[in-house]
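I opened my notebook today to look through this structure one step at a time. Here is what I looked up, in the order I went.

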Amino acid sequence: MLDPYIESILIFSGINVILALSLYLPVSAGLLSLGQGGFMAIGAYVSGYMTSVLGWPFAVALIAGGVSAGIVGLLVGLPSLRIKGVYLIIMTMGFGEIVRVFFLNFEPTGAASGMGGIPTETTLPIVVGVTVLVLLMCFQIRGSRIGRALEAVREDELAAEVIGINLTRIKVAIFGLGAAVAGIGGGLFAHYATFIDPGQFGFQRSAEIFIMVVLGGMGNFLGATVGALVVTILPEVLRVGDMQEWRMTFFGVLLVIIMIVRPMGLIGVRR
Amino acid sequence: MNAAVSPVLEARALSRRFGGYFAVAEMNLTVDKRSIHAVIGPNGAGKTTLFNLITGVLPPTMGDILVEGTQVAGSRPDRIARLGVVRTFQGVRLFPSMSALENVLVGRFCRTRGGYLAAFTRIPGKAGVTEAASRRRAEELLERVGLASRRHMRASELALADQRRLEIARALATDPQLLLLDEPVAGMNPVEVQEAGELFKSLRDEGITILLTEHHMSLVMAISDQITVMSYGRKIAEGTPEVIQRDPQVLAAYLGSEATS
């Protein structure tokens with residue numbers, strides 16, 4: 001049997017890789033989001049409610065959570081057509097906050113006291129399986145007709161538009177897909193933690209996902225993957241000796257050093 | 001020129017105002033099929049604004065734009081592109097970190113199908129039917145503009161003349177009826193200008209209509225079927241190169257009125 005501590009790190013690594021990829025997808029079309037925690041919350045609450053209250057099977061609940069987050073993502077993605085760069089980041093931050101405050105006040109899912117009693121369904125093999133599927137999806141998009149269009153939109157929107165690429169469809173679709181992946185990540189998280197409350201999906205979470213992608217490199221899905229692994233595993237590795245209280249400080253210093261040495265991310269290159 | 005040919009593009013009373021200034025004013029323009037039509041004029045005459053209006057980059061303040069009879073004034077650029085009107089930019093806008101081949105492949109996007117589902121279900125490393133056809137077409141176009149040997153170079157690493165050629169190849173990949181070229185030979189040496197002129201003529205002979213702006217007068221005079229002269233947003237003359245070269249108003253606009261007196 002695997003040591004439970006190691007197993008939990010591996011499960012969180014997988015979930016974080018999924019969340020980082022959920023942000024990489026819109027980033028691949030030039031859309032930055034600091035609201036992935038909000039989509040994660042929707043997936044976590046929807047799937048958690050379905051299994052714990054309605055008694056639905058885990059697989060169905062997980063997919064329903066992803067679909068719900070994806071639909072909300074499509075709706076949030078629509079304004080993203082008019083808003084660019086920093087302004088889009090602020091809009092998505094606002095969205096993430098709206099979701100957190102919504103669940104903070106929503107009685108059916110426990111409001112501020114959180115939602116407990118979610119069955120433990122997320123196991124290491126399931127997390128590994130979903131992570132591999134999401135990675136495969138990113139791999140398949142890259143280099144496909146649609147993947148090239150996404151890249152073109154990121155590189156030069158106007159040039160893409162004048163050769164017949166519908167920016168609305170491309171941007172909204174990839175934003176929705178990213179949101180759906182974040183929702184699935186949230187569902188996996190809920191069924192491992194078994195207790196969720198709105199605070200777990202706030203700005204801190206969104207920022208963490210953002211850091212993973214920037215740290216790993218925004219030009220490549222492997223960058224997001226490596227970034228997620230570093231952000232998950234590095235603080236655990238620093239958990240040695242008598243320096244426990246200082247480990248997050250060391251972690252912060254290491255992040256600063258990595259960004260100075262490799263400003264384009266650990267896996268900075270496009271391919 | 002056959003007088004019976006239908007126009008591929010017609011602009012009627014087209015105007016664009018920026019504040020109190022008309023960059024394009026009451027422009028009427030008819031571009032015949034299978035012709036090379038040049039729009040010339042001093043800097044600031046409104047040529048690039050005219051191109052922005054025709055391709056939907058800017059909405060017109062007033063007036064109509066008809067592509068083969070279909071009203072497109074105020075349409076989005078991607079819709080206009082799908083109707084067959086595609087442009088290049090004066091300042092070359094490629095996808096810099098993508099290879100030359102990929103740049104041209106993106107041009108095939110609006111003429112091919114296949115969304116996320118098609119992407120997920122493809123067999124890695126093996127091109128599907130559509131993808132293989134797109135690749136063949138892109139390779140042909142790169143060959144055509146003389147970039148076959150540099151197809152795996154990043155667009156940003158190409159020389160300026162090659163970047164301009166690549167932008168034309170990318171536009172051609174969308175199967176355009178009307179190709180708008182905004183100063184396509186700016187920054188090219190005489191040999192490259194010559195080659196570009198030959199390319200434009202061969203494209204016209206294959207049925208692609210070309211509307212271009214250019215300051216390189218000997219090229220314009222050598223290849224154009226029709227020339228429209230703009231000054232301060234208005235059309236001041238139109239006709240064949242022979243007619244334009246003798247037009248006193250054109251000479252005045254370019255050289256100042258004293259030169260003609």
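Predicted model: local features only at pLDDT ≥ 70, side-chain atom pairs only at ≥ 80, totals over all residues.

Before I could count an interface, I needed a cut-off: a contact means heavy atoms within 4.5 Å.

**Entry: where the two chains meet**

How many residues does each chain bring to the contact? I found 32 residues from chain A and 36 residues from chain B. Next I looked up the area, since the size of an interface is often given as the accessible area lost when the parts come together. Chain A and chain B bury about 3000 Å² between them. Carbon and sulfur atoms give 59% of that buried area.

**Entry: chain A as a whole**

I turned to the fold of chain A and counted 11 helices and 0 strands. Its radius of gyration is 18 Å, close to the 18 Å from the globule rule for 271 residues, so chain A is as compact as a globular protein of that length. The C-alpha trace of chain A spans about 55 × 45 × 30 Å along its principal axes.

I then checked burial and found that 54% of the 271 residues of chain A count as buried. For contacts in chain A between residues at least 6 apart in sequence, 78% join residues at least 24 apart. Chain A exposes about 11200 Å², and carbon and sulfur atoms supply 72% of that.

**Entry: a glycine in chain A**

I picked Gly14(A), which sits in helix H1 (residues 4-27) of chain A. Is Gly14(A) buried or exposed? Buried is under 20% relative accessible area, and Gly14(A) has 8%, so I wrote it down as buried. Leaving out residues up to four places away in sequence, Gly14(A) touches Val127(A) and Thr131(A). Thr131(A) is 117 residues from Gly14(A) along the chain, yet their C-alpha atoms are separated by 6.0 Å.

**Entry: two positive phi values in chain B**

Most residues other than glycine have a negative phi. With that in mind, I stopped at Ala13(B), whose phi is positive, near 45°. Ala13(B) belongs to strand E1 (residues 7-18) of chain B, and at a relative accessible area of 31% the residue is partly exposed.

Val92(B) also has a positive phi near 45°. Where is Val92(B) found? I located Val92(B) in the loop between strand E6 (85-87) and helix H3 (100-107) of chain B. Val92(B) has 13% relative accessibility and counts as buried.

**Entry: a threonine in chain B**

My last stop was Thr228(B), in strand E9 (residues 226-231) of chain B. At 0% relative accessibility, Thr228(B) counts as buried.

How values were computed:
Residues numbered from 1 in each chain as written. Chains lettered and ligands numbered in written order. Heavy atoms only, no water. Helix = DSSP H or I, 4+ residues; strand = E, 2+ residues; numbered from the N terminus. Rg over C-alpha atoms; globule rule 2.2 N^0.38 Å. Buried < 20%, exposed > 50% of the residue type's maximum accessible area, 1.4 Å probe, protein only. Areas by Shrake-Rupley, 256 points an atom, 1.4 Å probe, with all protein chains shown as cover. Buried area = accessible area lost by both parts, 1.4 Å probe.
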